[in-house]
Amino acid sequence: MNTYDLHRLGWNSFQQLCLTIAREVLGQTVQSFLDSNDAGRDGAFAGSWNPSSGQHFSGNFVIQCKFSSKAGSLLTKSGIADEIPKVRRLVSDGLCDVYILMTNAGVSAKQEAQLKAALSGVGVRDVLICGSTWIEDQIRENTRLRMLVPRVYGLGDLSQILDERAYAQARAVLESLRDDLAKVVVTESYRKAVNALDEHGFVLLIGEPAAGKTTIASMLAMAAADKWKSSVLKLADPAKVVERWNVDELSQFFWIDDAFGVTQYESPLVHGWNHSLAQVRTMLRRGAKIVMTSRDYIYNRARQDLKESAFPLLSESQVVIDVHDLSDLEKQQILYNHLKLGKQTAEFRATIHPHLEYMAAHPRFIPETARRIADPLFTNDLYLSKYHLGAFVEKREQLLLEVIQGLDASSKAALGLIYMRKDYLESPIMLQGSEPHAIDRLGSTLGECIKALDALNGSLVTHMHIDDQLVWRFKHPTIGDAYATTLAFSPDLLGVFLSGSSIENLLSQITCGNVGIEKAVIVPKSLFPTMIERLRNFSASNQYKVEWMSSWGARWTLYRFLANRCSKDFLAAYLKQSPDVLQRVAKPGLSLSAVPEVDLAVRLHEFGLLPEEVRKAFIEAVSTYAVEGQDLYALDDAGVRSVFQDSEFDELVEMVRADLIPKLADVRLSAQSNHSSSDSPDEHMLGILESFGTLKKRFGEDEQLGKLIDREIDLVNEWISETEPPEPKVGPRALGAVEHLDERRGTRSIFDDIAD
């Protein structure tokens, strides 16, 4: 039984595989031709080669690839009849001393003898026949080869390919990747991501929706599991990386898709990540690998809250995936792979064949376009002409919206259930809160929704493991975007969503009024009373089991929502109903950069909704924190500065200069004495270093004060170095450079065998 379904590769990918084998396994720099007019040579090299003990070949080598799209096919003498005249000419021109025939077909001993005889008969000195068994052996024995041609992960039995331990630990994640991996294409962005992971142990993949970030992350995950025997953990929250880290396992691979929000920015995810930075640095030093992805517009918003200065790798190891950087050959190969391995009939593929190069060359073509054209759900009413296919690529958002609007009621309700759970619907499904009432109003039942999910699996939704939990998710986040658009079209549907969703999920998906957050569902004025009532009843977060934490979590989420996702009109209406909010705004707690009362005070002041007595109380509180050295955020943040009058801020600066700076040594020593052995020293002193950095920015131009602050910073770093436990020695682990795909030099289309 074959390990790999090589017949699913296609002619072009099989040639690339053969030439990669020649370079990686045979150790030869191969000149590739990849041309229908290659005169009998797909690749060539000159020199000598010792494939095994007692074997020696030298001279001019010719590589010829014979691909079959039929499973279990056998290569016969008649199968190379067309090659014999070409080989005769190559021999007469002195270009073929050794002929290497690579094929994914089977070759019996009898047929091998006949093939060698035929080729020797036209003057070839040495003939090597490398059939499917030989090629599969090379793939099975060479982890780097698999990384360079990651599609083979999706064409084989992962339990036979991967190390037993790594496969067992990552099975839930890796098996769900298999179908997608069968379609991947090695792009320039993947090469950059490999380099970043090798150099830093960390990579942040940034790009527009549907640009291929998740695909690259999945390729890296598979390569890590294969080459380093890593256990792969796919998490929904970057803060959970530290929680799931095993200090005794040096090869963990953490993958966080949509790290700062799936379709919109979610500030709690960033604050959780910031809190974990010191431990993350330790994890990376000890050999862990981390890959995160984010939509570009979400990351641009998250950058305002991310502590990039505390974690420089955020900027150093970014790989920005620009879909427009895909080469013509990469786009064609992506389209070919999805169609060849998709659900469309051979008749459909034959009819669309003449238009495929045009589709791939369209300026709005993205990898998600290829997935949709390969699925009949998206093409039921599509006329296969150049004009209509061009519109399919151009109007991808509108067409997806039409597909969703054309679904039956239960399918729409099933998508709504996933959306209400914020793209994370646990399986088996247990309805919560008012969800039964919501799906009833949507014209369905739980049983019908489950049937619909099964029918939509693989097209609009997917069933997968995240955090060791089986969940239903949208097949791609753009489907969630389209569903959100349907809410905007229907006030009645939006009303169902507002009443049926959990309040915590709701607060990260909507805005009350239009405040410019991309992809958010905008609640109009007519529904403000509904939202105010839901917010007033939100007093406990279900994310915390302890009562006081639950209450604190609800308040944190609520204030963050009011500060960032509400218009002036909504805030004015809310404050009339809940004026007690102002009491908390007046006296924010420590860690001012993280407490939402600060952002809410800034927002209310900006809108002219912050009463003067509350403003003065706020100013007094944050000023006291600064002068006492507890929290210097007021000196550094432009938003907080805007709440001060100029004279008040000047007074604060002078008080810090006179009262705090002379006592910096005491502040440092006090922090050091409060250190617990269970805490990482650099994490414990992170706040002190940030405060000293703020003082340096404010007073650094004064030479005397600058030297004093620098000395205290140096003493903090010395203490961290002396207190930090010794790191275990971890050998460098690298995936290694990924070669560039050979550009096609001839006239043969990648799509030649698309209908076979």
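## Parallel strands 8 and 9

Strand 8 (253-256) and strand 9 (residues 289-295) pair in the parallel sense, with 4 bridges between them. Two strands count as paired if DSSP finds at least two bridges between them. Across this pairing, Trp255 sits opposite Val291 of strand 9. To get from strand 8 to strand 9 the chain passes through helix 11, and this β-α-β crossover is right-handed; that is, with the strands pointing away from the viewer, the path from the first strand over the helix to the second runs clockwise.

A quick note on ground rules: this is a predicted model, so local features need pLDDT of at least 70 and side-chain atom pairs count only at pLDDT 80 or more, while totals for chains, interfaces and linings use all residues. Residues are numbered from 1 along each chain as its sequence is written, and side-chain values use heavy atoms, leaving out hydrogens and water.

## Neighbours and burial

Strand 9 also has strand 6 (residues 202-207) as a parallel partner, joined to it by 6 bridges. There, Phe202 stands opposite Ile290. How many residues of strand 9 are buried? The count is 7 of its 7 residues, where buried means under 20% relative accessible area, exposed over 50%, and partly exposed in between (1.4 Å probe, protein chains only). Lys289, Val291, Thr293 and Arg295 make up one covered side, with Ile290, Met292 and Ser294 on the other.

Strand 7 (residues 232-235) has both faces covered too: Val232 and Lys234 are buried on one side, Leu233 and Leu235 on the other. Strand 7 runs parallel to strand 8, with 4 bridges joining the two, and Leu233 faces Phe254 across that pairing.

Asp257 lies in the loop between strand 8 and helix 11 (267-285). Buried or exposed? Asp257 counts as buried because its relative accessibility is 10%.

Leaving aside residues up to four places away in sequence, Asp257 touches Thr214, Lys234, Leu235 and Thr293; contact means heavy atoms within 4.5 Å. With Thr214, the side chain of Asp257 makes a polar contact of 2.9 Å. A polar contact is a pair of N or O atoms within 3.5 Å; within protein, one must be able to donate a hydrogen and the other to accept it, and residues adjacent in sequence count only if both atoms are side-chain atoms.

Strand 11 is joined to strand 13 (residues 469-474) by 2 bridges, and Leu425 stands opposite Trp472.

The structure holds 0 disulfides, a disulfide being a pair of cysteine sulfur atoms within 2.5 Å. For Cys18, the nearest cysteine sulfur is that of Cys65, 3.7 Å away. Cys18 is buried because its relative accessible area is 0%.

Cys130 is in no disulfide either, and its nearest cysteine sulfur belongs to Cys18, 8.6 Å away. With 7% relative accessibility, Cys130 counts as buried.
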